[in-house]
Amino acid sequence: SQNVNLSKLSHDRKSLSEALLSAKAEGRLTVGVYECAKIMNEDPDSVSFCLLATDDFECDIALQIHFTLIQAFCFDNDISIVRVNDLKRLNALVGTKGQLEDAHCVLITNPAEDSWEDPALEKLHLFCEESRSYNEWVPEITLPER
């Protein structure tokens, strides 16, 4: 929505990259629609953040149905959710070198009980909360250039 201030937005982009990279380093990242659905089904309380990714020209009906179900699940379980529209760049962040992952859905799970909450993740939760107050339920964040 137009109300979102631009310097804050670039801040959210940076937060998203930071949150993804630290979750990856800590083994708290789940990549792939099927893998994410499995975790959401088995242990929904462990999920902290959800990211859906499409390329603009993508119109896979099955994927859209998965996304709709994942979004509904996130709303029901108070899980923050955003969209990104650059699958390649997301893949570069979350994937293994030279291996193309199914990065259409990425989950960040909660850190271990005794560890600190990731400040980048906190910022993203606030961003999502703010977006919801503008009735933007699944806000879109553009990943920063490499």
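Modeller: Before we start, one definition: a residue is buried under 20% relative accessible area, exposed over 50%, and partly exposed in between. Keep in mind that this is a predicted model.

Biologist: Fine. Why is Phe75 called partly exposed?

Modeller: Its relative accessible area is 37%. That value falls between the 20% and 50% cut-offs, so Phe75 counts as partly exposed.

Biologist: And what makes Phe75 and Trp137 an aromatic pair?

Modeller: Ring centres have to lie within 6.5 Å, and these two are 6.2 Å apart, so they qualify as a pair. By this rule the count comes to 1 aromatic pair.

Biologist: Why is the pair called edge-to-face?

Modeller: The angle between the planes is 70°.

Biologist: How do you know that the pair links distant parts of the chain?

Modeller: Phe75 sits in helix H3 (residues 61-76), while Trp137 is in the segment after helix H5 (119-133), and 62 residues separate them. Trp137 has a relative accessible area of 44%, so this residue is partly exposed too.

Biologist: Now the charges. How many salt bridges are there?

Modeller: The count comes to 3 salt bridges.

Biologist: What makes Glu18 and Lys14 a salt bridge?

Modeller: Their side chains meet at 2.8 Å, N to O. The limit is 4 Å, so the pair passes.

Biologist: How are those two placed along helix H1?

Modeller: They are 4 residues apart in helix H1 (residues 6-25), which means about one helical turn separates them. Glu18 has 34% relative accessible area and Lys14 has 48%. Both values fall in the in-between range, so each residue is partly exposed.

Biologist: Why is Arg28 called buried?

Modeller: Arg28 has 7% relative accessibility, which is under 20%, so the word applies. The side chain of Arg28 also meets that of Glu26 in a salt bridge, at 2.7 Å, N to O.

Biologist: How do you know that Arg89 forms a salt bridge with Asp86?

Modeller: Their closest N and O atoms are 3.1 Å apart, within the 4 Å limit, so this pair counts as well. Here both partners are buried.

Biologist: What makes S2 and S3 a pair of strands?

Modeller: Pairing takes at least two bridges. Strand S2 (residues 47-53) and S3 have 5, so they pair, and they do it in the parallel sense. One of the contacts to look for in the picture is Ala53, whose bridge partner in S3 is Val84.

Biologist: And the whole chain, how is it put together?

Modeller: From the N terminus on, the elements run α-β-α-β-α-β-α-β-α, giving 5 helices and 4 strands. Of the 146 residues, 43% count as buried.

Conventions: Residues are numbered from 1 along each chain as its sequence is written. This is a predicted model: local features need pLDDT of at least 70, side-chain atom pairs count only at pLDDT 80 or more; totals for chains, interfaces and linings use all residues. Side-chain values use heavy atoms; hydrogens and water are left out. Rings of Phe, Tyr and Trp (its six-membered ring) pair if their centres lie within 6.5 Å; planes under 30 degrees apart count as stacked, over 60 as edge-to-face and the rest as tilted. Buried means under 20% relative accessible area, exposed over 50%, partly exposed in between (1.4 Å probe, protein chains only).
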